[in-house]
Structure formats: structure tokens, C-alpha cells
Amino acid sequence: MQVIVVDTAQDVAMLGADHICRLLSKKDNAVLGLATGSTPIALYQELIERYRRKEVMFRSAHSFNLDEYVGIAAEHLQSYRFFMNQQLFEHIDIQLKNTHVPDGMIDPIQAADDYEALINAAGGIDLQVLGIGRNGHIGFNEPSSSLGSLTRIKTLTPDTIRDNSRFFSADEFQPRLAITMGIGTILRAKKALLLATGASKADAIQAMVEGPLSASCPASALQLHANAVVIVDKEAGAKLVNHEYYHWVRAETDQLIVGLK
Ligand code: PGA
């Protein structure tokens, strides 16, 4: 696992965008795994800026989102499909038919199986963007999720429901179920790129990077991934014990790359 601690949330977005743009420059029809939540918004804004400056194109790219609520329609303001359209897809040249978000409305159990099959049929995910929950969840794989799980329906924890309640008005239906890629699905991505910002994520980041591999911290499954990159700002990285080592590794890696050029 490569752990990169940068100064600010904006630096996280910039570096995250570098990884995506580098992939698309080598493979214009790459399959991107995308995430919702507050964290990737700055990343998407940066990608939109780069697209406007003609530094990246998404015309041939495909995307699969991690998850979607069960029981709210794509047009709902809080659906993850709506979020993706608004935060990214409407502002770049990706073809909407190539963008996929699980369908939580009609037969979600079948939709989950179909989603997994669709990812496989697309040749798998080249780069999966991830956020992390305060409880260590990735996608909606809450603590105790099987580390080998595939796309399926999950019951959200009361904590996650509380964290997300800020997006729903008091009298509105708030889903308690979601379709989510499984941890096994995420581990199959060729590269995993986890981004985290802010002090509220510091415990989860420490547990995922330096704690034991455990279903109690689903993100710790990335310790098994051969190509996982974790980019955090200072606040989210504040509880990492081996902080200095990660900086040192980054400096050495940069030197190695310069030396090989
Ligand atoms: P956040 O959510 O980016 O809104 O903090 C991350 C997550 O819960 O996976």
C-alpha cells in the first residue's frame, strides 16, 4: 500500500486527478470505479477543470459507481445517480450510456447480481476511487462485511444513517438499505485509490493502514491489494504512527523514477 500524506484537501484532489488522467492518457477507454460523498467532490471539480483545459478526455471511458440507495429513484436529489450526473458527468464528455450506477428501485437483488456481471463483462475496473467512512467502511460495506463479498444489498449502520441524514429533510424517507459493490469486487479492481480528508477520518485511516486486516475495518482489506494508493491530507493522516516512513518512501520513489528516466 502506498500512503501519501499531503498538506491540504486540494492537494488530495490534485494528486487523485493525476492518477486518473495518467490512466486515461494511456488507455482512453479505461473503466473507472467512482465514488460519491463529500470527499470526491474536489476531485471531480479538478477533473472538470482539466477537461475544460483539454488536458483529459472521457469520450471513450466507462464508469461504475460503488453504490446506490435502495428505494429512491435516479431522479431523486439524494440518489447517487443524480449526484454523479450533477457533480461530474454533465460537465465532461463521458457518454451517459457508458456510466453505471446500481439500480436500487426495480428488483435490487437481481440488480446487484447483474451489476457484478456487467463489471466483469466490461473487463473489470481499471481504477477504483474510494472514500472511507468514519467507521472504516468502503462503499457501503459496513464493519463485519465479508472481505470476499460481491455486489449485494447491505443494511446501513445507524452511524452511517446518521452521517447521511444531513442530506435528507426530517420528514423525508431515508433509505436504510443500499446496493454496494462488495469488498471482493473492490479488491478485483486493478488499482485502488482511496482519498480521505479531515480529522474525522484520522482514526479510520490509522486502522486501515496500520491496524490488523479485519472485517471490523472493511477498508483494511486494501492491505491485500497489490496496487492500492491512499492519499490523505494532514488532518486525516494525523494518527498514522509511521508517518515519517511514508514521507521517506515517497521521496525515495520520486528519486527512483527520476533516476530511471
Ligand atoms: P464522505 O463519505 O466522503 O462524505 O466523508 C465517505 C464514505 O462514507 O465512504
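**Ligand site and an aromatic pair**

In the predicted model, an N or O atom in the side chain of T39 lies 2.5 Å from an oxygen atom of the ligand, a polar contact being a pair of N or O atoms within 3.5 Å. A polar side-chain atom of H137 is placed 2.6 Å from a ligand oxygen, and a polar backbone atom of S38 is 2.8 Å from an oxygen atom of the ligand. Of the 280 Å² of accessible area that the ligand has on its own, the protein covers 77% (Shrake-Rupley method, 1.4 Å probe).

The surrounding residues are G37, S38, T39, G131, I132, G133, H137, R166 and K201, each with a heavy atom within 4 Å of the ligand. This shell comprises one nonpolar, six polar and two charged residues, with Gly counted as polar.

Elsewhere, seven aromatic pairs are found in the whole structure (ring centres within 6.5 Å). Among them, Y69 and Y80 have centres 4.8 Å apart and planes at 45°, a tilted pair; planes under 30 degrees apart would be stacked and over 60 edge-to-face. Y69 belongs to strand 4 (residues 67–69) and Y80 to helix 3 (residues 80–87), so the pair ties together parts eleven residues apart in sequence. Helices (H or I, at least four residues) and strands (E, at least two) are DSSP runs, numbered from the N terminus.

Residues are numbered from 1 along each chain as its sequence is written, and side-chain values use heavy atoms, without hydrogens or water. Because the model is predicted, local features need pLDDT of at least 70 and side-chain atom pairs pLDDT 80 or more, while totals for chains, interfaces and linings use all residues.

Methods. A polar contact is a pair of N or O atoms within 3.5 Å; within protein, one must be able to donate a hydrogen and the other to accept it, and residues adjacent in sequence count only if both atoms are side-chain atoms. Rings of Phe, Tyr and Trp (its six-membered ring) pair if their centres lie within 6.5 Å; planes under 30 degrees apart count as stacked, over 60 as edge-to-face and the rest as tilted.
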